[in-house]
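Opening the notebook on this one.

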Amino acid sequence: MKIALISPPIMDDFWGEPRPIAMDAVRECPPYGIYLLQAVLRQAGHQALVIDLIADGSNSLKPYVHDLADCGLIGIAATSMSWPTACDVVSQIRDLQADIPIVLGGIHPTMFDRYILSTFPVDYIVRGEGEVALTSLCTALEGGRSVESVPNLSWKDVDGRIFRNPAGPKIHKEDLGQYPIPDFGQLPMKVYKGLSIESSRGCVFDCSFCSTSYRRSWRGMPAEIFVDRLQGMLPQVERTELGMVHVIDDEFSMNPKRAIEITDVLCDRGLTPSLVYDSRATDVLYDGFVPAIAPFTGQFLIGAECGYDAGLERIGKGTTTQILEDAARLLYQHHLSERADFSFILGLPWETAKEVCQTCSFASHLYATYGVRILLQWYCQIPGSRLWDADRAAGLVNETMYNDYGFFRDLYLFRAGVKLNPAEIWQISQSVEALQQMARLRHPDQIMVEYGHPEPIALYFPEFLMGPVCDGLSNLREVASPPRGNTDPIRVEVIARAPVSLDRPLRHFGA
Ligand code: SF4
């Protein structure tokens, strides 16, 4: 059977023209799941074609009309962020062929299978892992058999009745490595920054804001098997712009001992990949982890999340500010801090301006003291997390809010999560911008403080309507300009010393 697998990018509508945004604008790495399923289907004897719209930077199927014409099945993978593009792709397919079977996969269709099957012109949804389910679905369709025995499948019959087949067992960790390696041999040259690979699935934690699949469970491939797979795809790394390999795991170092074993195998085989991965501060502190992983680290992200212990406890990440600081210090000592991104969330649903400032202050401290990069992102209501489920149960959010381009610009959706008022958010933005300016003086070639002012606030509460919410900003800018050639570390106390009026509560990230 011929199957087309489509990866819709995360897009937003710019005056009627959808364009890729977020990670799909920079094209960090190819969508691993789609390329893996292509390899699995080919191994099962099918003709599988990937339509990589992320690489194209487009939502248009026009270049593929001929390829789609004789497909027996079309698969589309979607997260909540790429779901609006997936809807667009579904509608283009239906305009081309009214009766071609469409199967959806990925976390968003998995969560909302009943709603999507009853609302959109699609036939099947694979819930969770697709390796067994998709192959089994293709075999059933090719043989003209019933799909009732296909595991993990939700489907509707000709009368529109929806059925949910039972889920099959999760793939065993030993078996994860037995599937064929994705074929990146046809990737367009130098479009992606790096390749993608998986070494584990899931995470033993269940952080309250996190919507990743397979929380509270973790399956890691044995070190030798992972390195076999990595070695198998390394020749194709030359097709990428930066020659990196993104390990797409939720937490690559969930078992730091296994991560060290991986580095041992890499050393034994003389391999020197430049890896990009996610880690946790507690793993960084595991004895021997940092020196072992350093030679193979291109960039890595630590989900720091909060700058105060009560918030970290509410999230349930198993870290404290002391652990985060110890990790940053250790990275500094091993000259790894500039390759470390510490990401923080601002405006978690319980937070007031005071807690958000504590987080900004702590993040600034880690940057100024240890030189780690900091990413400050406002909380976004993404389905699947414990926080989202609670708001769904309270009737504040629901699955219909994610169908259109730009849903993250929706003021209601933003303010259902972030409880600060617009003036407080503007004050925080202005202070972070001041910090960014100082960071630019110290690191002109690298963005060390990444931050985006929330779009719903910019759109509905523009600065000119808000009045002078932070009248110390111009002073901060002057104070932040050091003499030419000054290479002293920028100290966050500079912000605190700026002559912002003392009765303003949000003046002092660095105080
Ligand atoms: S945020 Fe990270 S540590 Fe927490 S549940 Fe998600 S993947 Fe696991």
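**Helix pairs and a serine**

I'm working from a predicted model, where local features need pLDDT of at least 70, side-chain atom pairs need 80 or more, and totals for chains, interfaces and linings use all residues. Numbering runs from 1 along each chain as its sequence is written, and side-chain values use heavy atoms, without hydrogens and water.

I looked up the geometry: helix 15 (residues 321-333) packs on helix 16 (residues 353-370) at about 20°, axes 10 Å apart. That makes helix 15 roughly parallel to helix 16 (angles under 35 degrees). Thr-321, Leu-324, Glu-325, Ala-328, Arg-329 and Tyr-332 of helix 15 contact Phe-362, His-365, Leu-366 and Tyr-370 of helix 16 (heavy atoms within 4.5 Å). I get 6 nonpolar, 2 polar and 2 charged residues in this contact.

Next pair: helix 10 (residues 223-233) and helix 11 (residues 256-269) pack at about 50°, with axes 9 Å apart.

Then Ser-196, in strand 10 (residues 194-197). Is Ser-196 buried or exposed? Ser-196 is buried, because its relative accessibility is 0% (the cut-off is under 20%, with a 1.4 Å probe and protein chains only). A polar atom of the Ser-196 side chain sits 2.8 Å from the backbone oxygen of Pro-30. Among the residues that Ser-196 touches, I noted Cys-29, Phe-184 and His-246.

Definitions and conventions:
Axes fitted to C-alpha atoms, helices over the stretch in contact; angles between N-to-C directions. Helix = DSSP H or I, 4+ residues; strand = E, 2+ residues; numbered from the N terminus. Parallel < 35°, antiparallel > 145°, perpendicular 65-115°, else oblique. Nonpolar A, V, L, I, M, F, W, Y, C, P; charged D, E, K, R; others polar. Buried < 20%, exposed > 50% of the residue type's maximum accessible area, 1.4 Å probe, protein only. Polar contact = N/O pair within 3.5 Å; in protein donor to acceptor, adjacent residues only side chain to side chain. Lists of a residue's contacts leave out its neighbours within four places in sequence.
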